[in-house]
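Please read the numbered points with the sequence and the structure at hand.

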Amino acid sequence: MTETLDDYRPLIERALERTDGACTWDMLAEEVRSGRAMLLPSKSGKSVAVLQIVHDLHVFTASGDLDELMQMEADVTEMAKRQGFDRMTMIGRKGWTRVLGLRGWTPEQSLVKEL
């Protein structure tokens, strides 16, 4: 039997509940159906993962005059969109959340594994 994305919808939606709306079933389904993500069911069929190669532009560091940095952020955002990046990321102190939150940035918690 060949499993389809819809066969795993209950499992996937349970995981999506923990994203606080950052990713919905429709968003994820479109990524899988378009080939930008892939479905990986376990051999038993009791578990599933959805894998995606993510193309991020990461801001390694930023410092200086806040007004200038905000103009730079706007310029870099536009450049990143034109270059095909999916999103921008940065790691910084909590103060950036307040400043950049007004520009669409949201805090995110993640796990990283070095290979």
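1. The side chains of R87 and E108 form a salt bridge with an N to O distance of 2.8 Å; the term denotes a side-chain nitrogen of Lys or Arg within 4 Å of a carboxyl oxygen of Asp or Glu. Because R87 belongs to strand β4 and E108 to the segment after α4, the pair ties together parts 21 residues apart in sequence. R87 is partly exposed at 35% relative accessible area, whereas E108 is exposed at 55%. Here buried means under 20% relative accessible area, exposed over 50%, and partly exposed in between (1.4 Å probe, protein chains only). Helices (H or I, at least four residues) and strands (E, at least two) are DSSP runs, numbered from the N terminus.

2. The model is predicted: local features need pLDDT of at least 70, side-chain atom pairs count only at pLDDT 80 or more, and totals for chains, interfaces and linings use all residues. Residues are numbered from 1 along each chain as its sequence is written, and side-chain values use heavy atoms, with hydrogens and water left out.

3. Eight salt bridges are found in a search of the whole structure. One of them joins the side chains of E73 and R103 (2.7 Å, N to O). Since E73 is in helix α3 and R103 in the segment after α4, this pair ties together parts that are 30 residues apart in sequence. E73 is buried, at 12% relative accessibility, while R103 is partly exposed at 37%. Apart from residues up to four places away in sequence, E73 touches L100, R103 and W105; contact means heavy atoms within 4.5 Å.

4. Which residues of α3 are buried? They are L69, M70, E73, T77 and A80. These residues cover an arc of only 100° around the axis, and so lie on the same side of α3; the arc is that of the directions from the helix axis to the C-beta atoms. Their cover includes β3 (56-59), β4 (87-90) and α4 (95-101). On the other side of α3, D67, E68 and R82 are exposed.

5. The length of helix α3 (residues 66-82) agrees with expectation: at 1.5 Å a residue, its 17 residues should span 24 Å, and the end C-alpha atoms are 24 Å apart. The expected span is 1.5 Å times one less than the number of residues.

6. D86 is placed in the loop between α3 and β4 and is exposed, with a relative accessible area of 55%. Leaving aside neighbours within four places in sequence, D86 is in contact with V54 and H55. The C-alpha atoms of D86 and V59, 27 residues apart along the chain, are separated by 14 Å.

7. In helix α2 (residues 25-34), the buried residues are W25, L28, A29 and V32. They cover an arc of only 100° around the axis, which puts them on the same side of α2. These buried residues pack against α1 (9-16), β1 and β2 (48-51). After α2 comes G35, with a positive phi near 90°.

8. A network of salt bridges links E30, E31 and R36. E31 is partly exposed at 22% relative accessible area, as is R36 at 45%.
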